[in-house]
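Visitor: I am new to this structure, and I would like to learn how its features are read, step by step.

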Amino acid sequence: MASTVAKNKKKLSKRVTAAIITVFLWAFAAFWFAPIFWMLSTSMKSTTLAVIESPPQWIPNNPTLENYKIIFAPSGGLSLIKATLNSVIVAVSATLATLMLSVPAAYALSRLRFRGRMFIFWMYVAVLAFPAVLFLIPHFFIINGMGLTNSYLALILPGLGGTFGVFLLRQYMLDIPKELEDAAWIDGCSKFRFLISIVIPYIKPAMLVLSLMTFLGSWNSFLWPLLILSKADKFTLPIALIRFSAGWGDPYRGIGPMMAGAFFSVAPSLIIFIAFHRYLMKGISLGSLGKE
């Protein structure tokens with residue numbers, strides 16, 4: 001009887017703990033999403049109303065899409081539709097190119113045996129210790145010297161030298177059993193066939209994580225496009241939004257369209273995060289596993 005009561009108390013304690021944690025997480029999520037919801041709410045109000053209403057209303061009484069019509073109307077040679085297309089082209093191209101380079105490089109560093117393999121790997125790891133901003137000036141001189149400024153290649157090529165993708169995929173490939181590889185060699189499977197038929201299907205979760213991180217990084221990139229682009233027809237979305245709102249110092253004129261543009265810019269990242277958050281969280285821990 002006593003043991004039954006103890007078990008029931010233990011179960012009740014676990015349920016209470018789980019309930020408290022759940023409430024805390026929902027409260028934290030609401031706090032985290034509040035600025036985004038406020039951005040959406042403000043974007044659906046007239047600019048004057050958004051500034052003068054007191055107290056501010058979280059849910060607009062008379063929602064309007066006028067601010068979105070304003071930002072999508074070409075202004076001063078800028079077009080957010082063209083900028084959005086540029087961002088999509090650059091982000092998708094960068095993601096595909098990163099996968100094409102990272103997969104074979106990670107395969108060589110994880111499954112092949114050659115002199116200097118570990119030295120090359122630790123050089124990759126060492127590069128991860130340096131902040132990306134440190135490479136902006138060298139990248140600029142290289143891209144400018146190649147005559148690629150104001151082009152899609154200028155936005156894509158510097159990111160292909162990133163080492164995180166190779167590191168991430170290598171750590172995942174190390175989990176492939178050696179016995180499976182030996183069996184493939186016995187059956188006459190070539191290294192390329194092993195990569196295509198066994199390794200790539202096995203690392204699909206890691207490839208998805210890398211694809212999502214690369215796409216989001218390229219989509220949200222601001223400093224490098226700002227440095228390398230000067231023609232309006234090549235602006236990506238973050239740069240176009242900054243140029244689009246640069247002359248709106250008067251809050252009565254600009255807060256509505258600015259919030260509309262900001263929400264439009266962050267919406268794809270938000271959708272991807274909500275849809276694939278499990279894979280993104282897994283990617284944070286995936287590359288931290290130290291294996292040899």
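The conversation below turns to pockets and to the packing of helices.

Guide: This is a predicted model, in which local features need pLDDT of at least 70 and side-chain atom pairs count only at pLDDT 80 or more, while totals for chains, interfaces and linings use all residues. Residues are numbered from 1 along each chain as its sequence is written, and side-chain values use heavy atoms, with hydrogens and water left out.

Visitor: How much space lies in the largest pocket?

Guide: On a 1 Å grid over the protein atoms alone, a pocket is an open set of points where a 1.4 Å probe fits, with protein on both sides within 12 Å along at least five of seven lines, and lining residues have an atom within 4 Å of a point. The volume is the space filled by probe spheres set on the points, and here the largest pocket holds about 1200 Å³. Its lining counts 41 residues, with Ala132, Pro158, Gly159, Leu160 and Gly162 nearest the centre.

Visitor: Which helix gives the largest share of that lining?

Guide: Helices are DSSP runs of H or I with at least four residues, numbered from the N terminus. Helix H4 (80-111) provides the largest share of the lining of the largest pocket, eight residues.

Visitor: How do the residues of that lining divide?

Guide: Ala, Val, Leu, Ile, Met, Phe, Trp, Tyr, Cys and Pro count as nonpolar, Asp, Glu, Lys and Arg as charged, and the others, Gly among them, as polar. The lining of the largest pocket has 27 nonpolar, 14 polar and no charged residues.

Visitor: What lines the second largest pocket?

Guide: The second largest pocket, with about 160 Å³ of space, is lined by Leu25, Trp26, Ala29, Phe33, Phe273, Ile274 and His277.

Visitor: At what angle do H5 and H8 pack?

Guide: Axes are lines fitted to C-alpha atoms, for helices over the stretch in contact, and angles run from 0 to 180 degrees between N-to-C directions. Helix H5 (residues 117-127) and helix H8 (residues 164-173) pack at about 125 degrees, with axes 9 Å apart. Angles under 35 degrees count as roughly parallel, over 145 as roughly antiparallel, 65 to 115 as roughly perpendicular and the rest as oblique, and H5 and H8 are therefore oblique to each other.

Visitor: Which residues of H5 and H8 meet?

Guide: Contact means heavy atoms within 4.5 Å. Arg117, Met118, Phe121, Tyr124 and Val125 in H5 meet Val166, Phe167, Arg170 and Gln171 in H8, and the residues of this contact comprise six nonpolar, one polar and two charged.

How values were computed
Helices (H or I, at least four residues) and strands (E, at least two) are DSSP runs, numbered from the N terminus.
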